[in-house]
Structure formats: C-alpha cells, structure tokens
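This report looks at one helix and the charged side chains around it. Please have the sequence and the 3D view open while reading.

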Amino acid sequence: MNWDQIKGKWMQFKGKAKEQWGDLTDDDLDRIEGNRDQLAGRIQERYGIVKEEAERQIDDWSRSLT
C-alpha cells in the first residue's frame, strides 16, 4: 500500500499503528495525521532507534497492510 493511501485513511490505520508500536500514544497518532516523517520521528523518540531503522519498520508495516 502506498503512503498516500495510508495518509488518506489514517483514521482507519491508527489502530494498526498502535498495535505495531504500542509505545506511541493516542495523542502521538493524532498529531502524526498520517505524516510518514512524523511517524518515523515518534518511533525514533519512543524506541531510541536510528532513523533508518524506523523507516525500515514503517516500510515493513505499510507492506503488511495490503
């Protein structure tokens, strides 16, 4: 699934993002509003990982949505 589709349906995918990254708060997910860069930044912050790892996790997650 491409990121434009995810962003457009963010309200539907917030729950799946919460399942994947349980340390993200509902407030985090509301503020992200489907923005991939913001999601990567929040994942980095909450999990203490580098940007490349956060991007890899997002790629894996977005592929699993199809």
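The side chains of arginine 36 and glutamate 55 form a salt bridge, with N and O 3.0 Å apart. A salt bridge here is a side-chain nitrogen of Lys or Arg within 4 Å of a carboxyl oxygen of Asp or Glu. Arginine 36 belongs to helix α4 and glutamate 55 to helix α5, so this pair links distant parts of the chain, 19 residues apart. Helices are DSSP runs (H or I) of at least four residues, numbered from the N terminus. Glutamate 55 counts as buried because its relative accessibility is 17%; buried means under 20% relative accessible area, exposed over 50%, and partly exposed in between (1.4 Å probe, protein chains only).

Arginine 36 also forms a salt bridge with aspartate 59, where the closest N and O atoms are 2.4 Å apart. Aspartate 59 lies in helix α5 and arginine 36 in helix α4, so this pair ties together parts 23 residues apart in sequence. At 28% relative accessibility, aspartate 59 counts as partly exposed.

## How the model was treated

The model is predicted: local features need pLDDT of at least 70, side-chain atom pairs count only at pLDDT 80 or more, and totals for chains, interfaces and linings use all residues. Residues are numbered from 1 along each chain as its sequence is written, and side-chain values use heavy atoms, leaving out hydrogens and water.

## Helix α4

Helix α4 covers residues 36–47, twelve residues in total, and reaches 16 Å from its first C-alpha to its last. That is close to the expected 16 Å, the expected span being 1.5 Å times one less than the number of residues. Just after α4, glycine 48 has a positive phi of about 65°.

Which residues of α4 are buried? They are Leu39, Ala40 and Ile43. Seen down the axis of α4, these buried residues fall within an arc of 100°, so they line one face of the helix; the arc is that of the directions from the helix axis to the C-beta atoms. In general, an α-helix has 3.6 residues a turn, so residues three or four places apart point the same way. On the other side of α4, Asp37 and Glu45 are exposed.

## Other salt bridges

The whole structure holds eleven salt bridges. Another joins the side chains of glutamate 45 and arginine 46 (3.9 Å, N to O). Glutamate 45 is exposed, at 54% relative accessible area, while arginine 46 is partly exposed, at 33%. A network of salt bridges links Asp28, Arg42, Glu45 and Arg46.

Definitions and conventions:
Helices (H or I, at least four residues) and strands (E, at least two) are DSSP runs, numbered from the N terminus.
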